[in-house]
Amino acid sequence: MQQAVVTEQIVPEAWTLYFPDEEHSPDDRRAVLVQDLLPRFTSLTRWLADRLQPQQVTGRHRLSIGYEELQNVCSSFEFSAALDLQPVEALACLGAAAHQVLFSPQAQQLFPEGIEPLKIVVRLEGHPSSMRHIRQLKSSSIGKIVSVKGTIVRISAVKPLIQCMTFTCTRCGGEHQVRFPEGIYTPPTGCNLDGCRSKSFKPQKKSAQSLDWQKIRIQELSQADKEEAGRVPRTLEVELTRDLVDSCSAGDVVTVLGIIKVLSTDAEAGGKGSKGTAGKRSLFLLYLDAVSVVNQRGANQSCKDTTDQISQPVDHLPSHQATSFTLRDLHFIVKFSQEYKGQQLKQLVHALCPAIYGHELVKAGVVLALFGGVPKGNDDLASVPVRGDIHCLIVGDPGIGKSQLLKAASAAAPRGLYVCGPSSSSAGLTATVVRDPLSGAFALEAGALVLADRGVCCVDEFDKITAEHQALLGPLEQQEVCVAKAGLVASLPARTSLLAAANPAGGQYNRAKTLLQNLKMSAAMLSRFDIIFVLLDQPDQRRDERLSEHVMAMHSGQGDRVRRAHQGSLQTRPAVSLAALDSTAQQPSLEDSLKMYSDEAHDPLPTQLLQKYIAYARQYCHPVLSDDAKQVLKEYYCKLRQESLTLEGTPVTARQLESLIRMAEARARLELVQIVTAQHAQEVIDISSESRHDVQGAAAGASCLDFRVPGGSRAGSKQAEAHRFLSALSRRAKQSGNAFSVHQLFDLSDHLQLKVPDMRDFIDQLNEAGELLKKGPQTYAVRSMPSNASQQISSQVSRFSAMSQSASQS
């Protein structure tokens, strides 16, 4: 009884803060709910004080409470029912009860520095029963509390939203204080002081009370609902107020808890209806008034500094690290890493797109890109940030399965996005500035690279968007999209790995041309990729038989036949078995180890478990290079530097060394270890050597790709000398006729000072390539040169030069 008397005396003081337009009554349903919560909160004063975030500047205190935690420590049926029926009143009553307990004289000892009794804003988080898809929000959801999860695609600037203002009557001078519900400007309609009926008022702008306001737009996750594939993704407008503004940026994945409200489509910025609306339908737009925002980026950031070994048991993991994984997921990760210790790469390679036959090294490169390296220098302002994401480019003939590999990678990634090149623009890939139709203000709208932040962005038909390559140069290397449009200058995070697939310019890959000539891609864009694979469709009777059996087994839908075809394909390929490996001391190469088979047939790892494993490794494993791994990578880098001086390829730069380091870190992260060993570095070298394999000179060996000189050759190389010689010969043919003797060719060579070892062999190679036509004894004529002759000449001369070298050696 004494508690009820105290409550009745104290509640009116907080009542004016939370219900300013309502008179207090003990029988009011809101007063009853407050009295029901007061005795429960009295015993939880310390618990409430720990979750209170004082904010003296904003004039409000923030109280962050988890719904499930609240139900465990203070279960109230009345509050749960009120939250479902009247969420605005329920949250206000919760704030009033917490205000009364925290600012009572007994609780002042919990705040040694003192605290001002300001209004408490309750930020309720984690309400599982209210979780909805955006497509499920209908008219029945108006006024209800819901939780939605999506990606932020648009974010506006922070603006002040007027809550109340004082108006002065122009006739009698009376003052009227008017509140603006939902921020809608509604001036008084008439003055009723001392019989004055004036309808003219003057606003006192200095008396306006405002709060921070921001509007964002979230889009449903692409992998949230597979039944909605093929439909336009739904979006929802969300309004953030007070301390929630600037809590997220474009591209973040957030979970928003709020109240569904409506906004008339005829409403303008001033609150008035648009002209000519008579007789039209009254339509409304749904929007979400946010109560709390949980940013997934902030949750992952708290676990960034983890450096302990992940091989420890599940019970030893910190509780805040295991929040995003269930106990079953953690048991699977531990069991998988222990059962397939040392063989994780092989299992993951076979789990990635098992419908594609072969291409183990290509799949291994894609798997390394999914795990990614460790970014460096992001927290230190004095150091230069170095990206940890791995970019991969797959080039090959049509029908190889490049698109299926990209789709499988986007499905296996914890955060993956798949787009097609011809249907994408530079703004759709990066970011753009759009105008809000209601307020007229400009807002940032995120593109594919920003939406795939901290994930993987797969771009198919990459060769069809050459006009957009210039816009991708900065984001791929700097990991951010810089926008400077309509007076807005901003940088959006784009920390994503780019997996691209491209077709050759002529449909089929021409082995007589370099990679630049086949792709018609700029050298600057090609240098952004860490791994480049070239897939060729070459006829092979034995391989074609196994491939046809594999395809027929996949289309038959019979699991036993699929396993037998897969087992038979592994046995047919040039690989050794595990039993043979045990009997021999020779260490197989990475490609052979990935092709090895065992007597026991294992089903590939499901995509859902693969996605969990990748997410766990990226979140908790941050390996560093060991001294042995550093030495192996250093020796390989120096070897490439020396070979680049003799081979007709590009000189290796520090960018290639950074690529090797990133791939080595991804190889160690794949095994959930914190140290990169020499074996990891050697396997990365095998993959890098395959990606650098020069298809044009496959018979002569591997060489480096040319990123610097357009056309694929260095100045002074045999390709460049052939181009220079034939160009001068064509100019002389236009002046004096197209017939040259051998002596004239030698004279022209001396005049140009060609750097060729043997001029006669050089002439024979040009003749075999079809560039010099033999008209008679010791007489030659230059072939008519098309516009792209320089590319054809350099490639064909390089091919015949390699053939002549191999013939001389034999």
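Which residues does Leu 288 touch, not counting residues up to four places away in sequence? Hello everyone, let's start there. Leu 288 touches Val 146, Val 148, Leu 236, Glu 237, Val 238, Glu 239, Val 256, Gly 258, Ile 259 and Ile 260; contact here means heavy atoms within 4.5 Å.

Before going on, a word on the source. This is a predicted model, in which local features need pLDDT of at least 70 and side-chain atom pairs count only at pLDDT 80 or more, while totals for chains, interfaces and linings use all residues. Residues are numbered from 1 along each chain as its sequence is written, and side-chain values use heavy atoms, with hydrogens and water left out.

Back to our leucine. Leu 288 sits in strand 10, residues 284-295. Helices (H or I, at least four residues) and strands (E, at least two) are DSSP runs, numbered from the N terminus. Leu 288 counts as buried because its relative accessibility is 0%; buried means under 20% relative accessible area, with a 1.4 Å probe and protein chains only. From Leu 288 to Ile 259 the C-alpha distance is 5.6 Å, although 29 residues separate them in sequence.

Now the whole chain. The protein chain has 28 helices and 24 strands. Of its 810 residues, 48% count as buried. Among contacts with a separation of 6 or more, 72% join residues 24 or more positions apart.

Next, the cores. A nonpolar core is a set of buried Ala, Val, Leu, Ile, Met, Phe, Trp, Tyr and Cys residues joined through side-chain atoms within 4.5 Å. The largest has 66 residues, and those with the most contacts inside it are Leu 348, Val 367, Phe 371, Leu 499 and Tyr 613. Helix 10, residues 360-371, gives this core its largest share, nine residues. Apart from it lies another core, of 58 residues, including Val 146, Ile 260, Val 450 and Ala 494.

Strand 23 is joined to strand 24, residues 779-782, by four bridges, and Leu 772 stands opposite Val 782 in strand 24.

That's my tour, thank you!

Definitions and conventions: Buried < 20%, exposed > 50% of the residue type's maximum accessible area, 1.4 Å probe, protein only. Pairing = 2+ DSSP bridges.
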